[in-house]
Amino acid sequence: MLEGKGYYGSNVHKAVIASSARYLGPMIHFVDEKYDNGRFLAQRIVPVLANDTAEELAAMVLSQEHKMYVEVAAAICEERVIWREDGVPIIKSKTNPQHYSRGHKSEMKMMQSL
């Protein structure tokens, strides 16, 4: 994972392409006292294709991030975010409250193939 000093904005996308990473994606986390430190709540996967530019990759990540904010905000408003005993937040599925969201099926298939 690319993180730390200097890894923000277009620097992240340039570094991902330079590292030959196969995927990256946005993450939403709770805010605490430290920058970029809170518990992760949601994450999406964006494939990195061989001919992607940093700008194209940034646009794809931003598109997923915008969708995630709507979904996470709805989950919070609908009180579907619960905390496991170990302090990890998870989101209950909207369609089946007995289960927890794991992202889109296409994302799960992609992760299994990586």
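Helices here are DSSP runs of H or I with at least four residues, strands are runs of E with at least two, and both are numbered from the N terminus. With that in hand, hello everyone, and let me start with Glu79, which lies in the loop between helix H2 and strand S5 (81–83).

Before going on, a word on where this comes from. This is a predicted model, in which local features need pLDDT of at least 70 and side-chain atom pairs count only at pLDDT 80 or more, while totals for chains, interfaces and linings use all residues. Residues are numbered from 1 along each chain as its sequence is written, and side-chain values use heavy atoms, with hydrogens and water left out.

Back to Glu79. Its phi is near 55°, a positive value in a residue other than glycine. Here is some background: most residues other than glycine have a negative phi. Is Glu79 buried or exposed? Glu79 is exposed, because its relative accessible area is 69%, and the cut-offs are under 20% for buried, over 50% for exposed and in between for partly exposed, with a 1.4 Å probe and protein chains only.

Ser20 is not a glycine, yet its phi is positive, at about 65°. You can find Ser20 in the loop between H1 and S1. With a relative accessible area of 61%, Ser20 is exposed.

Now let's step back and look at the whole protein. How many helices and strands does the protein have? There are three helices and six strands. If you trace them from the N terminus, the order is α-β-β-β-β-α-β-β-α. The protein has 114 residues, and 25% of them are buried. Its accessible surface comes to about 8,500 Å², and carbon and sulfur atoms account for 54% of that; such areas come from the Shrake-Rupley method with a 1.4 Å probe, and for residues only the protein chains shown count as cover.

What about contacts, meaning heavy atoms within 4.5 Å? Take the contacts between residues at least 6 apart in sequence: 46% of these join residues at least 24 apart.

Next, please find two helices on the screen. They are H1, residues 10–18, and H2, residues 54–77, whose axes come within 9 Å and cross at roughly 115°. Axes here are lines fitted to C-alpha atoms, for helices over the stretch in contact, and the angles run from 0 to 180 degrees between N-to-C directions. So H1 is roughly perpendicular to H2, a label for angles of 65 to 115 degrees, with under 35 being roughly parallel, over 145 roughly antiparallel and the rest oblique.

Which residues make this contact? From H1 they are His13, Lys14, Val16 and Ile17, and from H2 they are Ala54, Leu57, Ala58 and Val61. Sorted by class, that gives six nonpolar residues, one polar and one charged. Ala, Val, Leu, Ile, Met, Phe, Trp, Tyr, Cys and Pro count as nonpolar, Asp, Glu, Lys and Arg as charged, and the others, Gly among them, as polar.

Staying with H2, let's visit Met68, which sits in that helix. Met68 counts as buried, because its relative accessibility is 2%. Leaving out residues up to four places away in sequence, Met68 touches Pro26, Met27, Ile28, Ala42, Gln43 and Arg44. One of these, Ala42, is 26 residues from Met68 along the chain, and their C-alpha atoms are separated by 7.5 Å.

Arg22 gives us another pair to look at. Arg22 is in the loop between H1 and strand S1 (23–24), and at 51% relative accessibility Arg22 counts as exposed. Between the C-alpha atoms of Arg22 and Leu49 there are 7.2 Å, with the two residues 27 apart along the chain.

My last stop is two loop residues. Asn37 lies between strand S2 (27–29) and strand S3 (40–43), and at 41% relative accessibility Asn37 counts as partly exposed. Beyond its neighbours within four places in sequence, Asn37 is in contact with His29 and Asp32.

Tyr100 is in the loop between strand S6 (89–91) and helix H3 (105–113). Tyr100 counts as partly exposed, at 41% relative accessibility. Setting aside residues up to four places away in sequence, Tyr100 touches Ile82, Ile90, Ile91, Lys92 and Ser93.

Conventions
Contact = heavy atoms within 4.5 Å.
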